[in-house]
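Work through these exercises with the sequence and the coordinates open. Each task is followed by a stepwise solution.

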Amino acid sequence: MEDGLYKKDEKLIKRARSYINRVKKQSASNNIELTEWEGEFLSSIDERLEKYGKAFNDPDLGAMNAPLSLRQGLKLKQIRKKSLGEEDAPPFKKAKSTLNKKPKTIKAKSALKAKTTLKRKSPLRTKIKTPTKIRG
């Protein structure tokens with residue numbers, strides 16, 4: 001089974017489908033209701049994996065031999081966290097704001113200078129080359 005230039009990896013497809021089924025079972029066993037959108041999302045991905053072998057077609061969205069796009073995988077992980085009853089944490093940490101930071105103070109000039117100077121312990125000696133004999 002090939003899709004254009006890329007081969008379908010049956011093991012990856014099977015792993016993705018079992019992961020989706022596991023998420024559904026976990027949410028049911030923990031008595032956590034998924035929203036209508038989340039339930040539809042899981043079922044549509046499962047259907048597309050069964051029918052086409054992958055859940056997306058645009059090469060800009062992820063690796064062409066992967067069954068799920070990057071964003072689909074991210075959403076699936078978020079739904080899994082919710083089904084386990086964990087806190088719904090954002091996928092990325094917020095960047096620290098630089099607006100409230102105080103500017104660094106400039107130290108005195110003497111502190112900026114090097115503490116030691118690089119001086120030679122002995123004077124620089126020049127090597128004198130002696131002429132070599134020319135063979136001939």
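**Exercise 1.** Is Asp46 buried or exposed?

Solution. The model is predicted. Step 1: take the relative accessibility of Asp46, which is 11%. Step 2: apply the cut-off; buried means under 20%. Asp46 therefore counts as buried.

**Exercise 2.** Trace the salt bridges of Arg17.

Solution. Step 1: Arg17 pairs with Asp46, with 2.8 Å between the closest N and O atoms. This pair joins helix H1 to helix H2 across 29 residues. Step 2: Glu50 also forms a salt bridge with Arg17, at 3.5 Å from N to O. Here Glu50 of helix H2 and Arg17 of helix H1 are 33 residues apart. Arg17 is partly exposed at 27%, while Glu50 is exposed at 57%. Arg17, Asp46 and Glu50 form a network of salt bridges.

**Exercise 3.** Find the salt bridge between Glu38 and Lys82, and place its partners.

Solution. Step 1: the side chains meet at 3.1 Å, N to O. Step 2: Glu38 lies in helix H2 and Lys82 in helix H3, 44 residues apart. Step 3: Glu38 is buried at 12%; Lys82 is partly exposed at 27%.

**Exercise 4.** Classify the one aromatic pair in the structure.

Solution. Step 1: the partners are Trp37 and Phe41, with centres 5.1 Å apart. Trp37 and Phe41 are four residues apart in helix H2, so about one helical turn separates them. Phe41 is buried at 12% relative accessible area.

Methods. Residues are numbered from 1 along each chain as its sequence is written. This is a predicted model: local features need pLDDT of at least 70, side-chain atom pairs count only at pLDDT 80 or more; totals for chains, interfaces and linings use all residues. Side-chain values use heavy atoms; hydrogens and water are left out. Rings of Phe, Tyr and Trp (its six-membered ring) pair if their centres lie within 6.5 Å; planes under 30 degrees apart count as stacked, over 60 as edge-to-face and the rest as tilted. Helices (H or I, at least four residues) and strands (E, at least two) are DSSP runs, numbered from the N terminus. Buried means under 20% relative accessible area, exposed over 50%, partly exposed in between (1.4 Å probe, protein chains only). A salt bridge is a side-chain nitrogen of Lys or Arg within 4 Å of a carboxyl oxygen of Asp or Glu.
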